[in-house]
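Look at the sequence and the structure below before reading on.

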Amino acid sequence: MTMQDVAGQTATKPKLALYWAASCGGCEIAILELHEKVLEVPANFDLVFWPVAMDVKYADVEGMEPDSIDLCLFNGAIRTSENEHLAQVLREKSKTLVAFGSCAMEGCIPGLANATTKEAIFNAAYHASPSTVNPDRVEPQTIWDLPEGQVSLPTFFESVKTLDQVVDVDYFIPGCPPEAHRIWEVIELIVSGGPLPPPGAVIGAGDQTVCEECLRTREEKRIKEFVRPHQIIADPELCLLDQGIVCMGPATRSGCGGLCVGAGSPCRGCYGPPPNVRDQGLNMMSALASVVDATEATEIQAILDQIADPVGTFHRFSLPHSTFGRVQP
Amino acid sequence: MPENGFNPKIVGFLCNWCAYSGADLAGVSRIQSSPTLRPIRVMCSGRIDPGFVFTALKSGADGVLLAGCHPGDCHYSEGNYLCLRRTLMMKKLLGGFGIDEERLRLEWISASEGDKYSKVSWEMENRIRELGPLELKQ
Ligand code: FES
């Protein structure tokens with residue numbers, strides 16, 4: 001379709017949509033982190049939907065023709081019926097739907113809600129938190145009748161889902177948030193009209209593990225004790241895992257450039273599992289099992305007991321995408 | 001034999017050199033083993049990826065038995081120690097996921113211990129019957 005550009009000339013540009021579901025807004029900021037290049041986004045695309053930056057109503061998107069959006073970057077997990085509805089609408093309207101960032105791809109931090117239940121979350125949010133005063137025990141209702149008419153709120157689901165658990169997804173861009181230069185690579189690739197990777201591919205990332213990007217010195221790993229980062233002053237040159245800190249590097253896809261490990265903090269796993277690994281947490285568990293330096297059950301157990309919160313540590317970014325998807329209530 | 005309509009499904013991953021031979025011996029010696037246990041042969045208990053166990057439980061198994069050579073006897077020298085570390089780690093993680101860790105059991109069974117294989121299979125069936133079917137919520 002043609003449109004008027006700033007100079008008043010007509011130009012044909014691919015249509016771009018950006019949406020946020022259950023997310024923190026960091027993925028939107030990652031786009032702004034393109035700095036001056038962000039101006040090239042509207043220069044190359046016709047931005048048709050971006051709730052965080054422009055005033056567009058859901059009805060506008062719902063009224064679009066199927067496949068009329070060329071590229072949709074969808075960030076955020078599926079927490080409510082509103083998120084799910086927009087996922088379905090944007091799937092129908094978009095030629096290429098990309099799960100943008102860890103929340104849409106794997107569930108990420110919002111997905112840690114799958115370690116508890118909807119009931120417990122409502123109880124904490126509306127009753128138990130110290131700053132809440134709610135003597136009438138009011139909780140949000142999805143439908144409510146008022147004299148002026150009926151009002152409604154989206155349904156809060158029992159579990160957080162990933163985008164590909166509700167609709168078909170063409171590509172996945174990992175990261176919490178995706179690194180700006182990686183986003184740019186993807187935009188350039190699409191603008192250039194070059195051959196696209198096969199559907200279902202992870203794009204804007206590497207195909208190794210974070211360890212390959214980490215500059216720290218690795219030794220033959222033999223771990224007798226796990227420590228948490230605040231318990232030691234870690235050597236700045238040595239592999240953090242060698243020092244007993246649970247670093248998700250061996251079970252995380254490369255692509256970030258080893259930012260956290262470079263800054264002295266262990267990798268938390270936000271770029272998701274490396275190629276050909278389905279369950280990042282189990283992959284990490286296997287890696288750790290190989291380096292624990294003990295052969296007696298009681299000794300092994302004592303070492304493992306030093307790992308606090310294994311589900312939240314190994315599946316910090318991938319709980320909804322893990323084999324079980326949630327902690328059993 | 002279904003009891004209260006519940007017929008447990010137990011998947012066993014048995015190493016080729018000891019545990020599977022032990023199961024074989026139980027068979028040729030006509031020692032009855034629990035029919036709820038479905039053995040899968042792997043080359044070594046160290047080959048059992050945690051993904052096998054979790055996928056089995058996710059796909060309908062009510063319990064998983066891992067069995068390998070006794071400590072010091074692994075055909076590949078250290079695979080069973082790796083399996084032991086992984087098993088303890090998996091039990092910890094299963095607990096974190098709200099799944100009874102007794103649904104996973106590790107045993108060392110030598111090629112001459114057909115009777116032990118049989119005994120373990122019945123014990124496992126009984127324990128899984130007590131725990132009931134594994135019903136996973138999405
Ligand atoms: S061969 Fe039996 S445990 Fe390794």
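This is a predicted model: local features need pLDDT of at least 70, side-chain atom pairs count only at pLDDT 80 or more; totals for chains, interfaces and linings use all residues.

Residues are numbered from 1 along each chain as its sequence is written, chains are lettered from A and ligands numbered from 1 in the order in which they are written, and side-chain values use heavy atoms, with hydrogens and water left out.

Begin with chain A. Along the principal axes, the C-alpha atoms of chain A fill a box of roughly 70 × 55 × 30 Å. Of the 329 residues in chain A, 49% are buried. Here buried means under 20% relative accessible area, exposed means over 50%, and partly exposed is in between, using a 1.4 Å probe and protein chains only. Contact means heavy atoms within 4.5 Å. Among contacts in chain A between residues at least 6 apart in sequence, 70% join residues at least 24 apart.

Asn75(A) lies in strand 5, residues 69–75, and is buried, with a relative accessible area of 4%. Beyond four places away in sequence, Asn75(A) touches several residues, among them Tyr19(A), Trp20(A), Phe100(A) and Ala104(A). Val89(A) is placed in helix 4, residues 81–93, and is also buried, at 8% relative accessible area. Leaving aside neighbours within four places in sequence, Val89(A) is in contact with Val61(A) and Glu62(A).

Now turn to the interface. How many residues does each chain give to the contact? Chain B gives 26 residues and chain A gives 29. The area buried between them is about 2600 Å², and carbon and sulfur atoms give 72% of that. Buried area is the accessible area (1.4 Å probe) that two parts lose on being put together, summed over both. In chain B, Arg85(B), Met89(B) and Phe97(B) lose the most area to chain A, together 30% of what that side buries.

Side chains of opposite charge can pair when their charged atoms come close. A salt bridge is a side-chain nitrogen of Lys or Arg within 4 Å of a carboxyl oxygen of Asp or Glu. Across the interface there is one salt bridge: Lys92(B) pairs with Asp305(A), with the closest N and O atoms 3.7 Å apart. Helix 3 of chain B, residues 79–96, gives the most to the side that touches chain A, with 12 residues.

Over all chains, the structure has 19 salt bridges. One of them joins Lys15(A) and Asp46(A) at 3.0 Å, N to O. Lys15(A) is in strand 3 and Asp46(A) in strand 4 of chain A, 31 residues apart, and both are buried. Another joins Asp293(A) and Lys224(A) at 3.9 Å. Each lies in a loop of chain A, so the pair ties together parts that are 69 residues apart in sequence. Asp293(A) is partly exposed at 24% relative accessible area, and Lys224(A) is partly exposed at 48%.

Definitions and conventions: Helices (H or I, at least four residues) and strands (E, at least two) are DSSP runs, numbered from the N terminus.
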